[in-house]
Amino acid sequence: MKYLKKYWQYYLNVEQLEIVKESLQLALQQRDETQKRISVGKIAESEIAAADAEVALCQEDLIDAESRVVSSAISLLRNINQDTENFWRKRPNVISMPKLREIDQYDFNLEDCLADALVMRPELRQAELLQRKNELEVVSTKNGMLPRLDFFISLGKTGYSKSFEGSEPSFRHKEPFDSSVGLTYELNRHRRGEKAKYDKAKLNLRLQKESIKNLEQLVKEDVIKAYIEIKRTKEQLAATTATAQKQEEKLRVENVKFDVGKTTAFQVAQAQRDLTAAKIAQVKAIIDYTVSKSELLRSTGLLLKFRGIEVK
């Protein structure tokens, strides 16, 4: 996502630069038209001041826009790490454009997004896998609490050599056998150690389950925030598009009024500046919508699937 945002920021700055260049060209044309009208006596000479001021402001905006493009290009190339020595000497080419039709066709539903996230988010799946592996050794701790029983029996005869007076070197069938029987019972007193291990295992298991629940809540929060953001950017995109259309019509009307002497060069310049700001806001809304869509897909774990990439 970091590289994606870097790219779209660079794209936004490039688009803003083009808009500012277009605005500067219109300002220059307006100044030339104003000068011609002054020369034939249609308007007062004081009108040139507003036209000159608008050209100067556009030139300032152009300098700032070019600087932003260069800065964002350097930041993008450094993150891509294409050339560690001379990355700052290059200028990336903009290829990918926002596809609003593709975005609008995808229907985002909050409940579906939350359900997908609980299944597809990799950190949740990894946590559940570790829990299923039972690395807390709960079973071994339970087994340690059971007593260990060993039962033995030995049976036989014992004889000695004739070197011992009165001993019988040979065994007779009717003589009794030597025998021993015993029971060994081993159990830790009060089983405190085993109980402590068992209690610790139960506590760790409970903490693990609680941590997974907490992680699920964090994932849901991530999805909900991304869902709210995509709704906001979609509405913002519609609003800025309508504003740009109205500002374009406003500029057209001001130019017509200027041609018939019903308005001033300052008002035309102001309408041009409002249109430039509206176009920049519209492009920014498009980029914000594109990024928010990718962020929502990332939060649900469906970004690769949406892009046609399946991990087996």
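An α-helix has 3.6 residues a turn, so residues three or four places apart point the same way. The side chains of Lys257 and Glu254 form a salt bridge with an N to O distance of 4.0 Å, a salt bridge being a side-chain nitrogen of Lys or Arg within 4 Å of a carboxyl oxygen of Asp or Glu. Lys257 is partly exposed at a relative accessible area of 32%, whereas Glu254 is buried at 12%. Here buried stands for under 20% relative accessible area, exposed for over 50%, and partly exposed for values in between, with a 1.4 Å probe and protein chains only.

The model is predicted; local features need pLDDT of at least 70, side-chain atom pairs count only at pLDDT 80 or more, and totals for chains, interfaces and linings use all residues. Residues are numbered from 1 along each chain as its sequence is written, and side-chain values use heavy atoms, with hydrogens and water left out.

The protein chain contains nine helices and two strands. The order from the N terminus is α-α-α-α-α-α-β-β-α-α-α. Helix α1 covers residues 2–39, 38 residues in number, and reaches 55 Å from its first C-alpha to its last. This is close to the 56 Å expected at 1.5 Å a residue, where the expected span is 1.5 Å times one less than the number of residues. After α1 comes Gly41, with a positive phi near 80°.

Of the 312 residues of the chain, 29% are buried. The accessible surface amounts to about 21300 Å², and carbon and sulfur atoms account for 53% of it; the areas come from the Shrake-Rupley method with a 1.4 Å probe, and for residues only the protein chains shown count as cover. Contact is defined as heavy atoms within 4.5 Å. Among contacts between residues at least 6 apart in sequence, 77% join residues at least 24 apart.

In total, 15 salt bridges are present in the structure. One of them joins the side chains of Arg298 and Asp222 at 2.7 Å, N to O. Arg298 belongs to helix α8 (residues 265–300) and Asp222 to helix α7 (residues 192–259), so this pair ties together parts 76 residues apart in sequence. Both residues are partly exposed, Arg298 with a relative accessible area of 27% and Asp222 with 22%. Another salt bridge is formed by the side chains of Asp274 and Lys250 at 3.3 Å, N to O. This pair also links distant parts of the chain, with Asp274 in α8 and Lys250 in α7, 24 residues apart. Asp274 is partly exposed at 23% relative accessibility, and Lys250 is partly exposed at 36%.

In soluble globular proteins, nonpolar side chains tend to be buried together. A nonpolar core is taken as a set of buried Ala, Val, Leu, Ile, Met, Phe, Trp, Tyr and Cys residues joined through side-chain atoms within 4.5 Å. The largest such core has 21 residues, of which Trp8, Tyr10 and Ile287 touch the most other members. Two or more residues of this core come from each of α1, α2 (47–80) and α8. Helix α1 gives the largest share, eleven residues. Another core lies apart from it and holds 17 residues, including Ile230, Ala285, Ile286 and Leu302.

Thr276, in helix α8, is buried with a relative accessible area of 11%. Apart from neighbours within four places in sequence, Thr276 is in contact with Ile19 and Ser23. Phe258 lies in helix α7 and is buried at 3% relative accessibility. Not counting residues up to four places away in sequence, Phe258 touches Gln30, Thr34, Arg37, Ile43, Thr263, Thr264, Ala265 and Val268. The C-alpha atoms of Phe258 and Val268 are 7.5 Å apart, and the two residues are ten places from each other along the chain.

With a disulfide defined as a pair of cysteine sulfur atoms within 2.5 Å, the count is zero. Cys58 is buried at 2% relative accessibility, and Cys113 is buried at 7%.

Technical notes
Helix = DSSP H or I, 4+ residues; strand = E, 2+ residues; numbered from the N terminus.
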